[in-house]
Amino acid sequence: MVSKTEEEQVNRLESQVENGGGGAWEYLCLVRKLKLRRSDKVLKFGLSILNDPKKRSALGPEGSYFL
């Protein structure tokens, strides 16, 4: 069960990423931590990171956690 605060945080990050404000990595980490099922958003935001060489290299060793 997700608390109201956590749900608000997920929604805020999701909106921020959708509008080009960044925070995709934080969103992906939070969704994974809370074990939420948002596969369409995770796929979209994850691919945006993986397809951008600069963002992908910035992940460092944590990036392999999701791959």
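Visitor: Is Tyr27 buried or exposed, and what is its relative accessible area?
Guide: This is a predicted model, in which local features need pLDDT of at least 70 and side-chain atom pairs count only at pLDDT 80 or more, while totals for chains, interfaces and linings use all residues. Residues are numbered from 1 along each chain as its sequence is written, and side-chain values use heavy atoms, without hydrogens or water. Buried means under 20% relative accessible area, exposed over 50% and partly exposed in between, with a 1.4 Å probe and protein chains only. Tyr27 is therefore buried, its relative accessible area being 0%.

Visitor: Which residue forms an aromatic pair with Tyr27?
Guide: Rings of Phe, Tyr and Trp (its six-membered ring) pair if their centres lie within 6.5 Å; planes under 30 degrees apart are stacked, over 60 edge-to-face, the rest tilted. The count comes to one aromatic pair. With 5.1 Å centre to centre and 85° between the planes, the pair is edge-to-face, and the partner of Tyr27 is Phe45.

Visitor: How many residues apart are Tyr27 and Phe45?
Guide: Helices are DSSP runs (H or I, at least four residues), numbered from the N terminus. Tyr27 is in helix 2 (residues 24–34) and Phe45 in helix 3 (residues 39–50), so the pair links distant parts of the chain. The separation is 18 residues.

Visitor: Leaving aside neighbours within four places in sequence, which residues is Glu14 in contact with?
Guide: Glu14 is in helix 1 (residues 4–18) and is buried, at 15% relative accessible area. Contact means heavy atoms within 4.5 Å. By that rule the partners of Glu14 are Tyr27, Arg38, Lys41 and Phe45.

Notes: Helices (H or I, at least four residues) and strands (E, at least two) are DSSP runs, numbered from the N terminus.
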